[in-house]
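Morning, everyone. Please look at the screen while I talk.

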Amino acid sequence: MAYQYRGKLKGAADPWQQSPKPRQEEPKLVREPKPLQPCGTNAAYVRHRARDEDPCEACTEARREYVASRRRTPPNARRRPAAKCGTYSGAVRHYRLKEELCEPCIQARRDYLNRHRQELREREAA
């Protein structure tokens, strides 16, 4: 059996006798609701399905077109274009691909880091 202190500590208030602190409620952010897309769009098709409704003919056709366009586009084409050499993001791409940095990327990275350090110095000085 474990020892349990049942006495009262000197100078300590009884926690059971204290009233709880009132909660401060944070103001809730109220967003404007997005306008509903009309029937005949993919968003309306998704809305029909979320409400367990049968999509109307116009929404079903819009969904078919949307899915067909996604299938026609190869997955690689949906990605953003590769970073160009001579930019900081180009230097990051070289690091990620474990390549040696080209001279324009070295210079771009150097310029970026120097600008960043200068901004930090200005913030500390202010």
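What pattern does the protein chain follow, read along the sequence? The pattern is α-α-α-α-α. So that is settled by the helix definition, which counts DSSP runs. In numbers, the chain has 5 helices and 0 strands. Keep in mind that this is a predicted model.

Now, burial. The protein chain has 126 residues, and buried residues make up 13% of them. Buried here means under 20% relative accessible area. Hold on to that cut-off, and to over 50% for exposed.

Let's start ahead of the helices. G40 sits in the segment before α1, which covers 42-50. Is G40 buried, exposed or partly exposed? Its relative accessible area is 35%, so G40 is partly exposed. Now find E57. G40 and E57 are 17 residues apart along the chain. Their C-alpha atoms are separated by 7.9 Å.

Next stop, the loop between α1 and α2. D52 is found there. D52 reaches 73% relative accessibility, so D52 counts as exposed.

On to helix α2, residues 57-72. How many salt bridges does the structure hold? The count is 1. The partners are R64 and E61, and their closest N and O atoms are 3.0 Å apart. Where do they lie? Both are in helix α2, 3 residues apart, about one turn of the helix. R64 has a relative accessible area of 47%, so R64 is partly exposed. E61 stands at 35% relative accessibility, so E61 also counts as partly exposed.

Now the largest pocket. How much space lies in it? About 170 Å³. Which residues line this pocket? They are R80, P81, A82, A83, S89, V92, R93 and R96. Sort that lining by type and you get 4 nonpolar, 1 polar and 3 charged residues.

Stay with V92, please. V92 lines the largest pocket, and V92 lies in helix α4, residues 88-96. V92 is also part of a nonpolar patch on the surface, together with Y88 and Y112. The patch has about 230 Å² of accessible area, taken together. How open is V92 itself? Its relative accessible area is 32%, so V92 is partly exposed.

Is H94 buried or exposed? Its relative accessible area is 6%, and buried means under 20%, so H94 is buried. Now look along the chain to C105. H94 and C105 are 11 residues apart in sequence. In space they are 8.5 Å apart, C-alpha to C-alpha.

Last stop. K98 lies in the loop between α4 and α5, and α5 covers 103-125. Phi of K98 is near 55 degrees, a positive value in a residue other than glycine. Is K98 buried or exposed? With a relative accessible area of 76%, and over 50% counting as exposed, K98 is exposed.

Let me recap. The chain runs α-α-α-α-α. The salt bridge joins R64 and E61. V92 turns up in the lining of the largest pocket and in the nonpolar patch. Thanks, and over to you.

Definitions and conventions: Residues are numbered from 1 along each chain as its sequence is written. This is a predicted model: local features need pLDDT of at least 70, side-chain atom pairs count only at pLDDT 80 or more; totals for chains, interfaces and linings use all residues. Side-chain values use heavy atoms; hydrogens and water are left out. On a 1 Å grid over the protein atoms alone, a cavity is a set of points where a 1.4 Å probe fits but cannot get out, and a pocket is an open set with protein on both sides within 12 Å along at least five of seven lines; lining residues have an atom within 4 Å of a point. Grid points are joined across faces, edges and corners, and a volume is the space filled by probe spheres set on the points. Ala, Val, Leu, Ile, Met, Phe, Trp, Tyr, Cys and Pro count as nonpolar, Asp, Glu, Lys and Arg as charged, and the others, Gly among them, as polar. Patches are made of residues with over 30% relative accessible area and no salt bridge: like charges are joined within 9 Å, nonpolar side chains (Val, Leu, Ile, Met, Phe, Trp, Tyr) within 5 Å. Accessible areas come from the Shrake-Rupley method with a 1.4 Å probe; for residues, only the protein chains shown count as cover. A salt bridge is a side-chain nitrogen of Lys or Arg within 4 Å of a carboxyl oxygen of Asp or Glu. Helices (H or I, at least four residues) and strands (E, at least two) are DSSP runs, numbered from the N terminus. Buried means under 20% relative accessible area, exposed over 50%, partly exposed in between (1.4 Å probe, protein chains only).
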